[in-house]
Amino acid sequence: MESERPQRGVTAWLAAGSLLICLAVAGYGLISGPRRYTLAENPFPGDLVGVGEPVGFFLATLMGAVCFGALVYVVVASRPEHDGLLDPAAFRIHLVAERVSVAWVGLAVLMVPVQAAHDAGLPVTRLLGSPVLLDAIAASEVSRAWIVVVICALVIAVTLRYTTRWLGHFVLLIPSIVAVAAVAVTGNAGQGPDHDYATSAAIVLAVAAAGLTGLKVAGALSGGEPVRAVQVLQVACGALTLAYGALLLYLLIPGLEFGSDFARLGLLAGLLVTLVWLYDCWGLARPSHAVRGRTVAALTVIAALGAVAAMAVQVAPRFLVHRFTAWDIFLGYELPHPPTILRVLTLWRFDVFVGGLGVALAIAYVVGYVRLRRGGNSWPVGRLVSWLIGCVALVFTSSSGVRAYGSAMFSVHMAEHMTLNMFIPVLLVLGGPVTLALRALPAAGEGNRPGPREWLQRLLHSRVTTFFSHPVTAFILFVGSPYVVYFTPLFDTLVRYHWGHEFMAIHFLIVGYLFYWAIIGIDPGPRRLPYPGRIGLLFAVMPFHAFFGIALMTMASPVGGTFYRSVGLPWLASIIKDQHLGGGIAWSLTELPVIIVIVALVTQWARQDRRVAARSDRHADSDYADDDLDAYNAMLRELSRMRR
C-alpha cells in the first residue's frame with residue numbers, strides 16, 4: 001500500500017501537467033486558427049476544428065506514445081516467469097498500457113472526421129451530417145492514416161486485455177510502431193520536394209519520440225530504482241529524436257528562417273528534448289532514484305510533444321514559397337534524364353531509414369565480431385564478409401540510383417525488389433547474426449534482470465518464431481507476397497507514397513530472410529527439412545517466380561498505371577513496355593541467388609556428412625576398443641576357472 005502512494009502522486013502530477021499542456025495547445029489553436037488557414041490559403045472550418053485538431057492530435061499522439069513506451073518498458077524491464085508471465089512490477093505498467101490503449105482508440109476515432117473537416121474546410125458538425133462525409137475522409141490522406149491508427153490501437157487494446165505474457169507485449173510492438181508512424185508520414189513530411197528524405201526521417205523520428213515519451217512516463221510511474229536498459233534506450237531515443245528532428249526542420253524550413261510559428265515551435269520542441277537528453281546522459285553516468293526528477297523529465301517531453309502537435313496542423317514554411325511540380329508531388333526530386341549505369345551509380349539520395357538500418361546492422365555486427373575475438377573466441381571471416389556485403393548491398397539498393405529510378409520506373413523497381421527479396425537475404429542469413437549475438441552478448445546471470453541475450457533466446461524459442469520460420473510458412477510468404485502486392489490494388493497505394501516503398505523494402509527483406517533462414521540458415525531456430533527436402537523446396541519456388549515474371553510480361557494493362565502516368569517521365573516511351581521489361585527482370589534474376597544458395601547448401605551438406613563420418617569413426621574406434629577389453633576380461637575369467 002505504501003508503494004502505491006508515490007505512484008498515485010506521480011500519476012496526479014502527470015495528469016495535471018498534461019492537462020495544462022493540453023490547455024496551452026488549445027489556446028494556441030484558438031488564437032492562431034484563422035491566421036493559420038489564411039496563410040495556407042485554405043477555408044477556415046470554424047473554431048471547433050481550429051482548436052480540436054491540435055488538441056486531438058496532441059492527446060491521441062500522447063496516448064500512442066505512452067502505450068508504445070509502456071510496451072517497450074515491459075519488454076526490456078520485466079522479470080518474466082519461466083512460462084512468460086509478467087512479474088508484478090511489469091504488470092503495473094501493463095495495466096497502464098491496457099487502459100491508455102482504450103483512450104487511444106477513442107481519440108483516434110474522433111480525429112478521423114476532425115481531420116477530414118480540416119482538409120475539406122468545412123465545420124465538423126456540418127460534415128458529420130453530410131452525405132459527403134465518406135468522400136471527405138477518402139480524399140484526406142491524414143484521415144485515412146487515423147483509420148490505420150484506430151485499427152492498430154484496437155488490436156493492441158483487445159490483445160492487452162487477454163495477455164499478460166512477455167511474448168505478447170513484444171509482438172504488439174509491431175502494430176504500435178505502425179500506428180505511431182502512420183500519421184507522421186502523411187503530414188508535411190510526406191508532401192512536396194525532398195519528401196523521400198522527409199518521410200524516411202519522419203518514420204524514425206515518430207518512433208524515437210514516442211519511445212522517449214512513453215519510456216519517460218512508464219519510468220516515472222514504475223517507481224523504484226531506474227532500469228539500466230531503459231536508461232540506455234532513453235538516451236538512444238533522445239539522440240535519434242534530435243538528429244532526425246533537426247533533419248526534418250532543415251527540410252521543411254527554407255534557409256532555417258525561424259520567423260514563423262512553425263519554426264519557433266520546432267525550435268522549442270528541440271530545446272526541450274535537448275534538456276531531457278542531457279538529463280538522461282547525466283543519469284546514465286550517475287543513476288538517480290529521484291522520482292521527482294523523472295516526473296519533471298516526463299512532463300518536459302510531453303510539453304515538447306505539445307509543441308509538435310501545434311506544428312503538425314500547420315503547412316510547412318517551405319511549401320508556402322515553393323511552386324509544386326508533378327515530380328515534387330509524386331517523387332520529391334527530378335529525373336530529367338533516363339537511367340544509365342553511371343547515373344545509377346552516382347545518383348545518391350541516402351535513405352535515412354532503410355539505408356540507415358543497413359549502416360546500423362553493419363556496425364552492430366562488427367562490434368560483436370570484435371568483442372568475440374577480443375574474448376579469445378574465433379568467428380569465421382567468411383560470415384563477416386557475407387554480412388558486410390549484404391549490408392553494403394542494402395545501402396546501395398535503398399539509397400543509390402536504384403531507388404531513385406525504382407520509385408518512378410517499374411522495371412528498375414522490380415530489379416530493386418528482386419535484390420531485396422532474393423539476393424541480400426541470402427548474404428545476411430549466411431552471416432549467422434543470431435549465433436554471433438548469442439556468443440558475444442553477456443549472460444544476465446542468475447537472479448539478475450534478463451538482458452538482450454535472454455530476450456533473444458526467449459524470442460527464438462517462441463511459438464511466433466516457430467510459426468513464421470517453419471519451412472511451409474516461409475515458403476507461402478515468399479511465394480505469395482509478390483502476387484498479393486502486385487496483382488491487387490495494394491500496389492497502387494504503395495507505389496504512390498514513399499512510405500509505401502519503405503514498407504515494401506522492409507517486407508520483402510524480412511520475407512526473403514525467413515525463407516532462406518529455413519533453407520541455408522546457420523542460426524538456430526527454424527525446424528529445418530533434410531537437405532534433399534531443402535533443395536526440393538528451393539526448386540519448388542522457381543515455377544512460381546517464373547509464372548509471376550511471365551504474367552507481368554504478358555499483361556495488357558500496366559500495374560500501377562495511374563501513378564506511372566502521373567509521374568510522366570518524358571524520356572520513357574511506354575509504361576507497358578517498361579512493365580514487360582520488369583517482368584523479364586523478375587524472371588531472369590532468380591538464377592543467380594539460386595546458384596549461390598545451391599553452393600551453400602551443397603557445402604553445408606558435405607560438412608555435415610564429414611562430421612557424421614568422423615563421429616561414426618570415433619564410435620567405431622570406441623566399439624573396437626571395448627571388444628578387445630571384453631575379450632581380455634573373458635580370457636582372464638577362463639584362466640581363473642581352469643586353475644580351480
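The side chains of Arg403 and Glu502 come together in a salt bridge, 2.9 Å from N to O; the term stands for a side-chain nitrogen of Lys or Arg within 4 Å of a carboxyl oxygen of Asp or Glu. This pair links distant parts of the chain, with Arg403 in helix H17 (residues 401-406) and Glu502 in helix H24 (residues 498-520), 99 residues apart. Helices here are DSSP runs (H or I, at least four residues), numbered from the N terminus. Both Arg403 and Glu502 are buried, that is, under 20% relative accessible area with a 1.4 Å probe and protein chains only, while exposed means over 50% and partly exposed is in between.

A word on the model itself: it is predicted, so local features need pLDDT of at least 70 and side-chain atom pairs count only at pLDDT 80 or more, while totals for chains, interfaces and linings use all residues. Residues are numbered from 1 along each chain as its sequence is written, and side-chain values use heavy atoms, with hydrogens and water left out.

By the salt-bridge rule, the count comes to 10. Another of these pairs is Lys216 with Asp280, at 2.3 Å from N to O. Lys216 sits in helix H8 and Asp280 in helix H10 (residues 261-285), so this pair ties together parts that are 64 residues apart in sequence. Lys216 counts as buried at 4% relative accessibility, and Asp280 is buried too, at 5%.

Then there is a network of salt bridges linking Asp194, Asp196, Arg318 and Arg349. Within it, Arg349 pairs with Asp196, the closest N and O atoms being 2.7 Å apart, and with Asp194, where the closest N and O atoms are 2.8 Å apart. Asp194 is in the loop between helix H7 (166-184) and helix H8 (195-222), and Arg349 in the loop between helix H14 (341-346) and H15, 155 residues away in the chain. Asp194 and Arg349 are both buried.

On to the domains: the assignment, from an automatic or database source, gives domain 1 (4-324) and domain 2 (337-595). Their contact (heavy atoms within 4.5 Å) takes 29 residues from domain 1 and 20 residues from domain 2. The C-alpha centres of the two domains lie 30 Å apart. About 2100 Å² is buried between them, 62% of it from carbon and sulfur atoms; buried area is the accessible area (1.4 Å probe) that two parts lose on being put together, summed over both. On the domain 1 side, Arg79, Trp166 and Tyr197 lose the most area to domain 2, together 25% of what that side buries. Two salt bridges cross this interface.

Definitions and conventions. Helix = DSSP H or I, 4+ residues; strand = E, 2+ residues; numbered from the N terminus.
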